[in-house]
Amino acid sequence: MTILLIEDDNFFQKFYSTKLRDNNVMVEVASNGEEGLQKMIEARFDLILLDLVMPKLDGFEVLRERAKNDDLKKVPVLVFSTLGQEQDIEKAIQLGATDYQNKTFFNFEELMKKIVTLTS
Amino acid sequence: MAGFSEYHALFLSAATENIARLRNGIASLEQNEDDKEVIKLMHIAAHSLKGECLVMGYQQLGTLSFIMEKIFQQAKETQTTPTQEVRKNVQSVIENIAIVLEQLEQQKSEPDMSAQIKSLEAVSGIDATL
């Protein structure tokens, strides 16, 4: 399984990619929405993990662009939420995000269960 | 936080970078308070710092970062600049967080920051109840 992690924060890039790779998941990282969208177009991923607040293209803009592309729409997107982003989650789901995960109250088992469900 | 000690050095490094971005941003706003790009970057830096602190279990640091995030998110969305009073308070919070990060590097625990939280809530009008 190959996941694209679109996340600008260095800490969360390393934190999530290390945890996923330790669980035999291949991870590609993009540091902003623009780079993420480019990688989504160039390669096929099983799942996108998408942060919402990022420089250049933010997560909402990535979702809007994805919604215009029939191929990209087939790849499930799990958005990261943090405290205080409840309305953002609603907006992300309306823009086509498949599910969300709170990245600050970290539960790796829960994340892996969601990943397995979304990619099966 | 159990099992996350291996990430502590990474957290300190990332948090310190975000504090530097916030510090630079506040200084830039003193030169040009209408700089929308700086406001946007400060929102992102505060948002990142919030996430980093909360995932590592530093609730109060996370709360202060959350209030800063909301201050700059509001400014971004309304195309305004936080008042000088708010900016002064934010500057004080940034410096205090920098000190706390140095303490955390020496294995000390997160100090009580409730007074700072109340002060920043009061001046910004943002309720940071978790």
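Trainee: Which residues does L78(A) touch, leaving out those up to four places away in sequence?

Mentor: In this predicted model, L78(A) touches I48(A), L49(A), L50(A), D99(A), Y100(A), Q101(A), L111(A), K114(A), I115(A) and L118(A). L78(A) sits in strand 4 of chain A, residues 77–81.

Trainee: Is L78(A) buried or exposed?

Mentor: In soluble globular proteins, nonpolar side chains tend to be buried together. L78(A) counts as buried because its relative accessibility is 0%, and the cut-off for buried is under 20%.

Trainee: Which residues touch the most other members of the largest nonpolar core?

Mentor: That core has 62 residues, and F11(A), F11(B) and M68(B) touch the most other members. A second, separate core has 20 residues, including L4(A), L37(A), V75(A) and A97(A). As for M68(B), beyond four places in sequence this residue touches L22(B), A46(B), L49(B), V90(B), V93(B), I94(B), I97(B) and L120(B).

Trainee: How should I read the area buried between chain A and chain B?

Mentor: The size of an interface is often given as the accessible area lost when the parts come together. Here about 1,800 Å² is buried between chain A and chain B, with carbon and sulfur atoms giving 69%. The side of chain A that touches chain B has eight nonpolar, six polar and seven charged residues. Each chain puts 21 residues into the contact.

Trainee: How many salt bridges are there between chain A and chain B?

Mentor: The count is zero salt bridges. For polar contact between the two chains, the count is one residue pair, both at pLDDT 80 or more.

Definitions and conventions: Residues are numbered from 1 along each chain as its sequence is written. Chains are lettered from A and ligands numbered from 1 in the order in which they are written. This is a predicted model: local features need pLDDT of at least 70, side-chain atom pairs count only at pLDDT 80 or more; totals for chains, interfaces and linings use all residues. Side-chain values use heavy atoms; hydrogens and water are left out. A nonpolar core is a set of buried Ala, Val, Leu, Ile, Met, Phe, Trp, Tyr and Cys residues joined through side-chain atoms within 4.5 Å. Buried means under 20% relative accessible area, exposed over 50%, partly exposed in between (1.4 Å probe, protein chains only). Contact means heavy atoms within 4.5 Å. Buried area is the accessible area (1.4 Å probe) that two parts lose on being put together, summed over both. A salt bridge is a side-chain nitrogen of Lys or Arg within 4 Å of a carboxyl oxygen of Asp or Glu. A polar contact is a pair of N or O atoms within 3.5 Å; within protein, one must be able to donate a hydrogen and the other to accept it, and residues adjacent in sequence count only if both atoms are side-chain atoms. Ala, Val, Leu, Ile, Met, Phe, Trp, Tyr, Cys and Pro count as nonpolar, Asp, Glu, Lys and Arg as charged, and the others, Gly among them, as polar. Helices (H or I, at least four residues) and strands (E, at least two) are DSSP runs, numbered from the N terminus.
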